Amino acid sequence: MSRDVRGSAARLGLMVLPVAFFGLFFAWPVASIVERGLRPDGAWDLGAIGATLGRPEILDVLGFTVWQAAASTGLTLLVALPGAYVFARFDFPGKNVLRAVVTVPFVLPTVLVGTAFLALLGRGGFTDQLWGLRLDSTVWAILLAHVFFNYAVVVRTVGGLWAQLDPRQEEAARVLGASRWTAWRTVTLPALVPAVSAAALMVFLFTFTSFGVVQILGGDAYTTLEAEIYRQTARLLDLRTAAVLTLTQFAAVGAILAVHARTARRRETALRLVPPELTARRPRGAGQWALLGGVLASAAVLILLPLGVLVERSFATPEGYGLRYYRALGSLDEAGTFLVPPLEAIGNSLRYAVAATAVAVVVGGLAAAALTRRAGRLTRGFDALLMLPLGVSAVTVGFGFLITLDEPPLDLRASWILVPLAQALVGVPFVVRTMLPVLRAVDERLREAAAVLGASPWRAWREVDLPLVRRALLIAAGFAFAVSLGEFGATVFIARPDSPTLPVAVARLLGRPGELNHGQAMALSTILMVVCAVCLLLLERLRSDRTTGEF
Amino acid sequence: MLTLEGATVRFGDRTVLEAVDLAVADHEIVCLLGPSGSGKSTLLRAVAGLRELDAGRVLLDGADQAGVPTHRRGVGLMFQDHQLFPQKDVAGNVAFGPRMHGVPKAERAARVEELLGLVGLPGAGGRSVAALSGGEQQRVALARALAPRPRLLMLDEPLGQLDRGLRERLVVELRELFGRLGTTVLAVTHDQGEAFALADRVVVLRDGRIAQSGTPVEVWRRPASEFVARFLGFENVVPAEVSGTGAATAWGRVPVPEGSPQGKRTLLVRPAGVRVVPAGGGLACRVVSRTFRGHHVSVLLRPADGPPLEAEFPLGEVPGEGAEVAVAFRAEDVVVLGAEPQSRS
């Protein structure tokens, strides 16, 4: 079976770079910091695990973490699946703009979203002023903020595939006597299940490791594992408890991923994909218009309203609406919050995000290509490994970077590349998750047809796979870019004081007292939001501009 | 051109191709014929290099192809379900092969036009493949397979998904086209009519082995075994004891051609070899059913003794249903079949 041997060799070759990347920039830093916590003086202190996990307050944190993640995931699917359908199958004016708009929350710094929801739902906030309704320090504020964040994950992951499902499959079922609902349930739903479970998994992981939102909206009553790790590491300097919690989070995430891998393996099938332009049409009938209206209304309330409040506050100075906060961003303040004017953070953020996207697309693309042909245990383990960064505390990763990548041959502390590397780590799982379902759905015989016509394996990939997955690749790159722009937990540890990113700068401003700092934070966040929206809009453009034929 | 020596392919512990020897000469059109699961498609895939042999060799123009990747073998393969590239238009599909072989753009365009003309779709280059009908897709797939001028063109169920009328017309067109281009062709089909119409030589496969190889006429006239006979649609197959120019069967004594092999054999009586004789002069049968076939009528007879008997009568001489007739057999239409090759299982 020399062919199979060659195939395995090629697969291993593709895996080398991703594995090295993850070993060096993920496994090593995390392992080091865990070691530091559990082997403080040269002897392993494994008893700490049991002792820490036995503490009732830690158990409470664990229980709440799981509960809120499950509730957030359920709520997000409930709200976003109709949205995915609408974006996939309906044509309506402003669709591209709206698609970019709903993606914006995803890239906003968590700290900022917390603040936006506080402004919306908290004391003196929008709903408080209108109806006297306050939801801060309740679980609802956390859940709503999570839906706000993750709406785009579901719309993009599920909608991206949904838009390419051949509607004729459903029509075939209808002709065979299935009702509209039965046809959807028996034909479309099974085809969507891998994408839905991939999206649900992502949402669960994000909310499971939620940090900024919980920190601000949860008050003292609600704490997740990640927030607790940050508290133990940065405030209490209790590395031992932090290490135990990191391991706990790691184990929990590992278990979730294992379950997902098993179910995903059973469900994935080769799908018939068609260009999305062929499947979308204008809504017909009262039901479809109502659905479209409902989705637009829910998106408006959930997404536009918090963003609107945010923008409004960036202009609302005590002297009335004006640009004062924005002007202040261009200069250094006397208090010494920054070494450079906050405005420079825009350039830093863009530079870092471009580099991080490039790294994430290369590493994630290679990994996805290696995983395309499902194979043995090794490949499956590799698959799971790629998802772990999503579940491991960003705080731990960032801190780990500082203590491991600081000596030759890898002294990266002084290098700007450190930040993009940490950001890419979180981007890779997106690239892999987005590309894999589409890559696997490409019919193997199309590649064979190309080979018979004289295309080498590389050429066949470029000619057959790439055009079919270009869309997915762009979506993946967009995601990676967005995550890099918004990454906060790790960046806050490793960004140098003279080159902060936008989220770091916002957080620093929010941490300072006074309405000028608060207003500047709002203004800088508004700029971050606009930057993201413009980038995503460009991406949408790029996507619809692609030419069809080769000639 | 193509030589297979002891080609063997296994899927797990199932042997799909077993020690197949096959040679295809230059400009020859060979059709592999067999029921589904007989290993036909696997054989094509092995020649194309899409499937490695577990034993044996594939030689093209005398050169062993072991280790030669698919894209360097210079063979063409037309897939059963076309596998046209959905993201390319018709011209993009047809030009794909020449492009892979580094043909300059202008020459490529000319070749695309020429081939589209050849398959009867002139000027269709700009059309999207999704908008093509089944027959048109077939033609584009054929043009695409021919475009890089493969030394050997392989067709997997080339006309499988088309309706009957189109199929019959296309078979004739294909044969004429291949003859004009001098293409060497190895095709696979489960339809004997298609194979006989297309091929210079037919190779019948059974369970991964060659059951018979010969010109369409040879195979049709002298099926090598009961399997081949039944696969070709012949039902009148009975065990027999051959001695001299006659054989003892369940239908009584049946004449056999001179020089037939002797002893315990299996006998095929072609339906056309069954004729009505005056009552008492032959095997007494009752007419069970009649099926109109166009040029003749196919009649199912139930003899007093032995298995049912299929007969063919000219239009004017058909006995009515339920009629009692006596039949005799014509020696030219009786074939003494070879021994069945040892069946694996």
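Predicted model: local features only at pLDDT ≥ 70, side-chain atom pairs only at ≥ 80, totals over all residues.
Two packed helices are described by the angle between their axes and the distance between the axes. For helix H3 (residues 56-89) of chain A and helix H7 (residues 139-162) of chain A, the angle is about 40° and the axes lie 6 Å apart. H3(A) and H7(A) are therefore oblique to each other, since angles under 35 degrees count as roughly parallel and those from 65 to 115 as roughly perpendicular. The crossing of this pair, H3(A) with H7(A), is right-handed. Among the residues that form the contact of H3(A) with H7(A), 19 are nonpolar and seven are polar, while no charged residue takes part.

H3(A) also packs with helix H9 (residues 180-208) of chain A; their axes come within 8 Å and cross at roughly 140°. H3(A) is accordingly oblique to H9(A), as an angle must be over 145 degrees to count as roughly antiparallel. A right-handed crossing is found for H3(A) and H9(A).

Helix H13 (residues 285-315) of chain A comprises 31 residues, which at 1.5 Å a residue should span 45 Å; the end C-alpha atoms are 42 Å apart, in agreement with that expectation.

Methods: Residues numbered from 1 in each chain as written. Chains lettered and ligands numbered in written order. Axes fitted to C-alpha atoms, helices over the stretch in contact; angles between N-to-C directions. Helix = DSSP H or I, 4+ residues; strand = E, 2+ residues; numbered from the N terminus. Left-handed = near helix turned anticlockwise from the far one by under 90°. Nonpolar A, V, L, I, M, F, W, Y, C, P; charged D, E, K, R; others polar. Expected span 1.5 Å × (residues − 1).
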